[in-house]
Amino acid sequence: MQQIRNWPSIQSHSETTAESELLRAAKRGEPQALRELLQPFERDLYILCYGILSHAQDSEDAVQETFLRALQALPGFRSDSSFRTWILRIGTNVCLDWKRSRRIIPDDHPVAGIPCNRRDSTENEVLNRIRVLDALSHLLPRHRAILIMKEAHRLSIPEIAQTMRWSEKKVHNELYRARKSLAEWRFREMEE
Amino acid sequence: MTCSRIQQLVSKQIDGPLPERQRAALELHLEGCQRCREYRDRFDRSASDLAGFAALPHPTGMAARSISLWMNRPQVVQRHLPVRTPAFAAVGFACLLAIVFGRIVFLRSNYPVTRVARDPYRAAVNSYSKRDDNSIRAIPASPQHLADLGTDRPPAGSKKPHSRLGELTPAVHAGPAPIGDLAYVNVNELEAVRRWTQIQLSETDRIRDRIDRLISSGDDFVEVPFPQIAGRDDRATRAAVAAYQTEKEIVDPRLSRKVSLAVKGMAFIDLCKKLSEDSGIAFTAGRTVANDKVTIFCKEKPLRDLMRAISQLFAFGWIRSGDPSAYRYELMQGMRAQLMEEELRNRDRNEALLALDRNMENLRGLLDLSPAEAAEKSKSATGEEKQMLEKLAGCGWGAAQLYFRLSPDELGALRGGGELRFGGSQEGGRPLPTELANGILGAMDRIGVRIQLNPDGSLRAMGNGIQEGQPPSSTPGANPTANLSLRRNELGQYSLDGSTGVSLGGGAISQGRDLASGMSPSVQNPENAKSNAKLARDPSLRLEANIKPEPSCTLPGNSWWMGNAELGAGEPRVTTADVLEAIHNNTGRDIIGDYFTKLIMPDRVTVAHSSLFDALNRISDAMRVKWAKSDVWLQFRSAAFFNDRLKEVPGQLLTRWQAARRLQGYMPVDELVEIAQLTDAQLDSEAMAEGARAIYGLLEWQLARDTFLRKDWRFLADIPGAVRRAAFDAKGIAIGRLPLSGQERFATLAMGGRADQMHAEDLAVATMRVEYRPLDSKAESSDSSARPSNTSRPAARPNVSFIFSYGSSQGGYWTVERSLNRMSNRRNDGIGSISEEESRSSRGGRL
């Protein structure tokens with residue numbers, strides 16, 4: 001209880017003064033501050049959710065639910081981790097919960113396996129993205145999450161560890177497993 | 001080191017530099033191990049592929065929506081009990097311990113626990129989260145959705161009509177969306193079709209559907225046609241898919257240009273022209289939508305927002321074509337949307353027919369009564385029962401009896417718009433059961449029909465109020481007749497007309513009335529307060545509104561074809577566009593609405609000192625439109641838009657006819673011929689006719705729309721222009737010079753059902769003449785507002801007469817003349833003359 005009452009005084013080194021002000025205002029429930037606080041994470045969260053759920057509309061919904069959970073838990077946020085890793089953790093949990101609790105409707109992409117020769121064109125960018133989605137769909141949800149965090153969000157190993165509440169060693173191991181699964185899926189694809 | 005360990009190090013190296021020893025070992029191994037090198041390449045490839053995710057376009061406004069939802073959640077009042085004394089605190093602590101202990105025991109008891117969320121919002125979220133995908137996606141279509149095509153919709157490409165969480169709260173304006181134009185401005189046509197119809201999707205549509213689900217970038221408000229795929233070759237399919245995806249991903253930066261509009265009832269063809277001029281981007285309206293009219297009031301809106309709002313409201317799509325540097329956009333209504341409208345029309349019609357049938361069922365219990373018994377019983381009855389009994393006491397008895405004896409084929413013919421005739425004396429009459437025949441004659445007696453003797457010895461039937469003569473039931477040779485027809489007052493609104501009568505010798509008399517009517521849902525009250533209940537607490541709609549539209553027209557002073565003053569003559573009227581303008585002026589909101597000619601009394605749409613929400617509900621109900629709020633737009637859509645679209649006459653035609661009338665001082669006959677060629681739906685529409693007179697000053701509109709003369713006008717229209725002019729000369733058109741098809745039509749127009757009795761020699765001398773007496777502009781000023789509204793000064797009555805002459809020395813020479821209120825059939829050789837006045841009450845129109 002004491003800590004909660006004095007939460008503004010507990011600030012991590014990563015939190016700047018401006019962020020701190022923003023957080024304080026957001027905790028007071030000021031709409032503008034809430035918007036400024038959450039809006040920058042729309043992209044990160046959407047990419048994360050899309051990577052895990054592979055479904056645009058579900059991802060949008062998951063992001064909204066993440067924000068709602070974050071809003072509910074915001075008064076309890078103690079700033080002992082960065083806000084970014086905190087909200088990504090919520091997003092990951094939302095998606096993993098969804099994956100666990102709901103029947104997954106498979107997206108059989110008609111474009112799977114289309115070769116990608118010209119990486120620089122927009123067209124192939126899109127095709128490649130669909131192909132990657134296909135590949136991701138063969139991974140475990142937690143592997144999808146950490147791969148997205150690592151490669152798309154450029155999170156460091158300590159940040160991923162903080163987000164997933166794992167040790168750094170476990171992050172390394174899981175990343176390896178994820179990459180290997182992906183590579184093996186691709187080997188199989190090539191053989192077929 | 002094993003390969004597995006090496007691959008682990010490869011993965012670790014991607015995440016950061018390795019210690020020197022590990023790096024050296026790794027490099028050494030890789031030099032000699034092909035498989036591990038392949039893994040390294042794969043790992044690298046995966047990393048770069050996934051890095052591309054960072055550029056994944058994402059929808060915006062999610063944070064804003066969540067915050068709005070959060071802010072609007074039901075508040076839970078937290079009460080803090082002040083701790084005043086240590087004793088009180090101790091008691092509290094003990095209670096807390098007891099609760100915690102009890103909770104633990106309870107949870108371990110393995111009883112199913114139903115958690116009751118104290119916060120209703122959380123309850124909603126929890127229950128929502130636990131639903132499976134199917135339950136969420138299966139949003140049932142309902143008639144309530146008819147006009148919701150223009151309401152809050154997600155960007156195209158999303159397969160659900162609403163974001164599931166978004167359903168819980170009004171949409172929050174999220175600012176300009178950076179997603180693709182096509183996705184942004186176009187509603188998903190497939191989704192719209194699925195909501196209303198059960199159309200099987202082709203394989204191509206399935207593929208497109210799946211791709212659309214994957215792509216959330218690009219100008220996806222624009223419809224991109226899926227490439228044609230010939231055969232089932234995989235390569236061709238993949239190429240088509242790739243081409244489609246490429247097209248879908250495009251974003252046209254020019255669409256961020258801002259426009260301000262204030263247009264009332266403007267056709268899309270004109271709107272596109274204006275947008276092209278203002279923005280420099282080529283916009284066109286396809287033939288399917290060119291003449292649809294729209295009212296828009298907006299300030300500084302990005303083009304893509306405007307395009308999307310149009311697409312949302314009308315369920316039209318924008319097609320993009322041309323070079324990437326100069327894309328062209330064409331607004332069109334796809335086949336699916338057209339089918340959807342057709343489906344809505346059918347549903348609406350079926351609902352009306354079902355309502356009519358239900359009303360008829362109320363009569364079924366009274367069918368055992370004879371007309372006399374029904375008359376007797378009606379004296380003591382009240383309310384609805386009295387009305388039903390009165391119907392059965394008179395001319396409705398026979399028709400009602402017949403309705404319940406119709407075969408499925410006869411019912412089908414009735415629904416198809418045909419008139420069912422019963423009684424052998426009628427042309428094409430079906431046999432009438434004996435028990436009904438007697439009953440009908442008895443009913444004729446009761447309503448005062450009498451049979452009289454003519455001076456030449458023949459008998460004739462006379463109508464109500466005649467004292468002399470004998471009752472039909474006691475007159476030998478009096479034949480009962482009964483007719484049933486389904487009348488469509490306005491599209492979607494049906495009445496079952498029944499008439500019974502008696503024929504004798506060469507004459508007949510009948511009397512009819514409507515037995516029941518069925519109102520389609522689209523013409524009933526839209527009940528905006530109910531359908532927009534979720535917006536009642538929207539702060540932006542709780543502001544005070546004072547809406548007072550400025551009238552843009554007045555009703556013409558005299559309905560010359562009726563011979564009396566029109567109800568409300570000289571009174572001001574407003575259109576829906578006037579009302580939307582007033583709302584915009586008062587609130588400053590961006591507004592978009594469809595436009596159909598409909599004149600409304602200003603009092604009905606004037607609101608003072610009311611909340612905007614209430615004002616919108618009241619005004620929209622009065623106008624029979626539905627309103628909705630989407631982002632920053634207030635949208636208005638006619639509740640019966642699918643029927644109204646058929647009735648509306650293109651503005652370009654109306655303007656041209658108006659100009660021609662002004663030039664001549666009266667409506668030139670060529671323009672009347674053109675008007676008569678409009679569709680029946682357009683000509684039958686009372687609202688359109690009223691608007692044509694009041695807004696465009698086309699006072700002779702009634703001449704061309706009259707159902708009595710419509711076939712004659714259309715026959716005239718089909719005659720080539722040079723020959724047609726001869727119709728207005730004294731000699732008229734020589735029918736013998738027309739093609740055979742023209743001669744056949746002439747015979748039908750002149751002789752009706754007996755056209756086959758017209759011989760070649762009759763046609764040899766046949767002529768058709770038209771006499772047109774224009775409206776005296778001095779007598780009937782188009783600006784009737786200058787005259788007091790209570791004046792019913794007689795005005796010159798324009799008229800048109802179609803005179804058909806034919807005959808031969810054997811059969812005699814005949815002249816059939818039809819004009820606005822009269823039809824005569826005369827023999828010109830002095831042998832005899834028959835002239836009859838047509839009753840106009842059963843022929844539609846206002847009479």
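1. Two strands pair if DSSP finds at least two bridges between them. Helices (H or I, at least four residues) and strands (E, at least two) are themselves DSSP runs, numbered from the N terminus. By that rule, strand 18 of chain B and strand 19 (residues 633-638) of chain B pair in the antiparallel sense over 6 bridges. Within strand 19 of chain B, B:Gln635 is the bridge partner of B:Ala628.

2. This is a predicted model, in which local features need pLDDT of at least 70, side-chain atom pairs count only at pLDDT 80 or more, and totals for chains, interfaces and linings use all residues. Residues are numbered from 1 along each chain as its sequence is written, while chains are lettered from A and ligands numbered from 1 in the order in which they are written.

3. B:Met768 stands opposite B:Phe804 of strand 22. Strand 22 also pairs in the antiparallel sense with strand 23 (residues 812-819) of chain B, over 8 bridges. A hairpin through 3 residues joins strand 22 to strand 23 of chain B, and B:Trp814 in strand 23 is the bridge partner of B:Tyr806.

4. Helix 14 (residues 335-364) of chain B has 30 residues and spans 43 Å from its first C-alpha to its last. That is close to the 44 Å expected at 1.5 Å a residue, the expected span being 1.5 Å times one less than the number of residues. Its buried residues include B:Met340, B:Asp348, B:Arg349 and B:Leu363. A residue is buried if 20 or more other C-beta atoms, placed from the backbone, lie within 10 Å of its own, exposed if 12 or fewer, and partly exposed in between.

5. In chain A, A:Ala73 lies in helix 5 (residues 56-73). A:Ala73 is exposed because 12 other C-beta atoms lie within 10 Å.
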